[in-house]
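Have a look at the model before reading on.

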Amino acid sequence: GVYEQYFSNKFQDSEVYARDVRPALEVLMSAYEPMTEPELQKYLQWDNYELERFFSCFGSFIVKNTNERIVPFHASLFDWLGIKAKAGILYWIDKERGHRIISQSVGQTTKYTLYQLRYLTKHLVKSGDRKRFLLTFCDPDYMRQRQSVFPLYDFFKLFFEDLALWY
């Protein structure tokens with residue numbers, strides 16, 4: 001198909017793809033909402049040069065939407081990359097690794113971003129880190145920050161969604 005031909009022409013060096021491209025795709029595809037450039041840079045610890053090198057690989061396949069969020073031009077790109085049988089072992093994206101990158105980027109922070117307050121627990125479960133999920137879920141500071149930014153209904157909705165993740 002179109003994607004297979006593009007990727008095999010564009011990424012002839014599998015080591016460059018694995019080092020410079022795959023981690024960004026893992027993060028973008030595992031995110032629960034489209035990210036901004038600064039968010040992607042933070043998660044990957046990239047400078048502006050690395051970010052530009054990533055975008056230059058994709059032309060119009062990966063773009064910024066009207067809200068300056070990074071999205072595929074067409075959802076079928078991420079669909080294709082997410083299926084090992086279609087993308088093949090060279091180009092397939094393991095979303096679990098993306099969840100791990102996002103959840104590990106938090107470190108020992110005491111101030112969470114809005115995205116982290118909404119989705120960190122989901123990334124922890126999807127990355128297989130149930131111990132950190134439990135520590136985060138039971139962290140009074142994390143819950144206080146959540147409560148301070150979300151209306152009560154949303155706070156409890158997230159709370160019960162998190163409970164459901166555990167089981």
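The report below covers a leucine, a helix contact and some aromatic residues.

Please keep in mind that this is a predicted model. Let us start with Leu 25, which is part of helix α2, residues 14–30. With a relative accessible area of 0%, Leu 25 is buried, because buried means under 20%. Leaving aside residues up to four places away in sequence, Leu 25 touches Tyr 17, Phe 54, Phe 58, Ile 62, Phe 78, Leu 81 and Ile 93.

Two of the elements deserve a look together. The axes of α2 and helix α4 (residues 48–58) cross at roughly 85° and come within 10 Å, which makes α2 roughly perpendicular to α4. On the α2 side, the contact is made by Asp 20, Val 21, Ala 24, Leu 25 and Leu 28, and α4 contributes Arg 53, Phe 54, Cys 57 and Phe 58. Sorted by type, the residues of this contact are seven nonpolar, no polar and two charged.

Now to the rings: the whole structure holds 25 aromatic pairs. Here are two of them.

| Pair | Centre to centre | Angle between planes | Class |
|---|---|---|---|
| Phe 11 and Phe 58 | 5.7 Å | 50° | tilted |
| Phe 159 and Phe 160 | 5.3 Å | 85° | edge-to-face |

Phe 11 is buried at 6% relative accessibility, and Phe 58 is buried at 1%. Phe 159, by contrast, is partly exposed at 24%. One aromatic cluster includes Phe 11, Tyr 17, Phe 54 and Phe 58 among its members.

Charges also meet rings here. The charged end of Lys 84 sits over the ring of Trp 92, 4.5 Å from its centre, while Arg 130 lies over the face of Trp 166, 4.2 Å from the ring centre.

Notes
Residues numbered from 1 in each chain as written. Predicted model: local features only at pLDDT ≥ 70, side-chain atom pairs only at ≥ 80, totals over all residues. Heavy atoms only, no water. Helix = DSSP H or I, 4+ residues; strand = E, 2+ residues; numbered from the N terminus. Buried < 20%, exposed > 50% of the residue type's maximum accessible area, 1.4 Å probe, protein only. Contact = heavy atoms within 4.5 Å. Axes fitted to C-alpha atoms, helices over the stretch in contact; angles between N-to-C directions. Parallel < 35°, antiparallel > 145°, perpendicular 65-115°, else oblique. Nonpolar A, V, L, I, M, F, W, Y, C, P; charged D, E, K, R; others polar. Phe/Tyr/Trp six-rings, centres within 6.5 Å; stacked < 30°, edge-to-face > 60°. Lys NZ or Arg CZ within 6 Å of the ring centre and 35° of its normal.
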